[in-house]
Amino acid sequence: MGISNVLKKRRRSLIICETVFLLPALIFLAAYLLYPIIATFINSLFQWNGISAEKSFIGFDNWIALIGDSKFWGAFKNNLIIMVLSLVIQMPIGILLATFLDAGGKKFNFFKAVWFLPMLMSSVAVGYLFRYALATNGGLVSSIAELFGGGKIDLLGNQSTALFAVIAVICWQFIPFYMVYYMAGYSSISTDVYEAAVVDGATHAQYIRRIALPLLVPTIKSAIILSLIGSLKYFDLIYVMTGGGPGTSTELMATYMYKNSFITFNMGYGSAIAGGMFILITVFAAIVMKLLNRKGGDSII
């Protein structure tokens, strides 16, 4: 009985200690994550300009309008295009660069530093950089085209090319992130595995294809989820480069939400858009995680 009381006291002390250490983090998460989400859904039930103290309760009118809003669904479609092309472009190139650098070891440290430079720049700075580089008048692309006898090229002002130009810039900036991510995955593979493969007569290419890449599957799954979530909530780089234009060709859910909330001051409808983004991103992430973690999901390579 005495031992039982001691164990209970020790367990109680452990729970108190865990609570004390976790409480600051829980308060932080509640204040900066949970409360804004709840407040967003509450605000979506009101007609509000975001400034005045007066709010008019309108129920689910904003949500009904959102469901029938073709601009929102067009923005969602653009997000999906970015998501698919980001996965198709960034993942393979990131793996190739990581494989190249892993094979070279310390000899390729220079390439590691140079290739990671785009990731060190803020998205706003990258957006302004390429906004001027792709400008029709005086832009780098147009200047090179004119130098070789061609005409001016308007990539960001053309509705058929603007979104793909932005996607190219996104990939340029974020491929280094996935390169480093996969390099970290390679570093977690024991050198004993490679040495055993060499002893068994495997070439380096066979080691990469048959051993290293299958061992990288958990890292690849995590990278896919990160890319998916990031693609559905892009804002700063695209807003700086195109502002969602020309027309609505590069309009995304986040830029559409920003315009409604802080330009037209329709905070209630902007909150509904933000709530719709939250639901769509959560559903997509849950579906992808379910598919990636299904039985036999380790054979995605």
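In which helix does T255 lie? T255 belongs to helix α12, which spans residues 253–263; helices here are DSSP runs of H or I with at least four residues, strands are runs of E with at least two, and both are numbered from the N terminus. The structure is a predicted model, in which local features need pLDDT of at least 70 and side-chain atom pairs count only at pLDDT 80 or more, while totals for chains, interfaces and linings use all residues. Residues are numbered from 1 along each chain as its sequence is written, and side-chain values use heavy atoms, with hydrogens and water left out.

T255 has a relative accessibility of 0% and therefore counts as buried (buried means under 20% relative accessible area, exposed over 50%, and partly exposed in between, with a 1.4 Å probe and protein chains only). The side chain of T255 reaches the backbone nitrogen of L252 at 2.9 Å. With neighbours within four places in sequence left aside, T255 is in contact with F235 and Y239 (contact means heavy atoms within 4.5 Å). Helix α12 also holds M253, which is buried at a relative accessible area of 0%. The C-alpha atoms of M253 and F76 are 5.8 Å apart in space, although the two residues are 177 apart in sequence. Residues up to four places away not counted, M253 touches F72, A75, F76, N79, L232, I273, M277 and L280.

Helix α5 covers residues 123–133, and its buried residues are S123, V126, G127, F130 and A133. Seen down the axis of α5, these buried residues fall within an arc of 135°, so they line one face of the helix; the arc is that of the directions from the helix axis to the C-beta atoms. They pack against α4 (109–120), α6 (140–147), α7 (162–187) and α11 (236–241). Helix α7 contains W172, which is partly exposed because its relative accessibility is 35%. Apart from residues up to four places away in sequence, W172 touches P118, M121, V126 and F130. W172 and L96 are 76 residues apart in sequence, and their C-alpha atoms are 15 Å apart in space.

The largest pocket has a volume of about 520 Å³. On a 1 Å grid over the protein atoms alone, a pocket is an open set of points where a 1.4 Å probe fits, with protein on both sides within 12 Å along at least five of seven lines. Grid points are joined across faces, edges and corners, and the volume is the space filled by probe spheres set on the points. The lining of the largest pocket consists of 22 residues, and P36, T40, M257, A274 and G275 lie nearest its centre (lining residues have an atom within 4 Å of a point). Two or more lining residues come from each of α1 (2–43), α12 and α13 (267–292).

Two backbone features occur in loops. The peptide bond from G245 to P246 is cis, with omega near -5°, and P246 is in the loop between α11 and α12. F265 is not a glycine, yet has a positive phi of about 55°. F265 lies in the loop between α12 and α13 and is partly exposed, with a relative accessible area of 40%. Most residues other than glycine have a negative phi, and most peptide bonds are trans.

The count of disulfides is zero (a disulfide is a pair of cysteine sulfur atoms within 2.5 Å). C17 is partly exposed at 36% relative accessibility, whereas C171 is buried at 4%.

Technical notes: A polar contact is a pair of N or O atoms within 3.5 Å; within protein, one must be able to donate a hydrogen and the other to accept it, and residues adjacent in sequence count only if both atoms are side-chain atoms.
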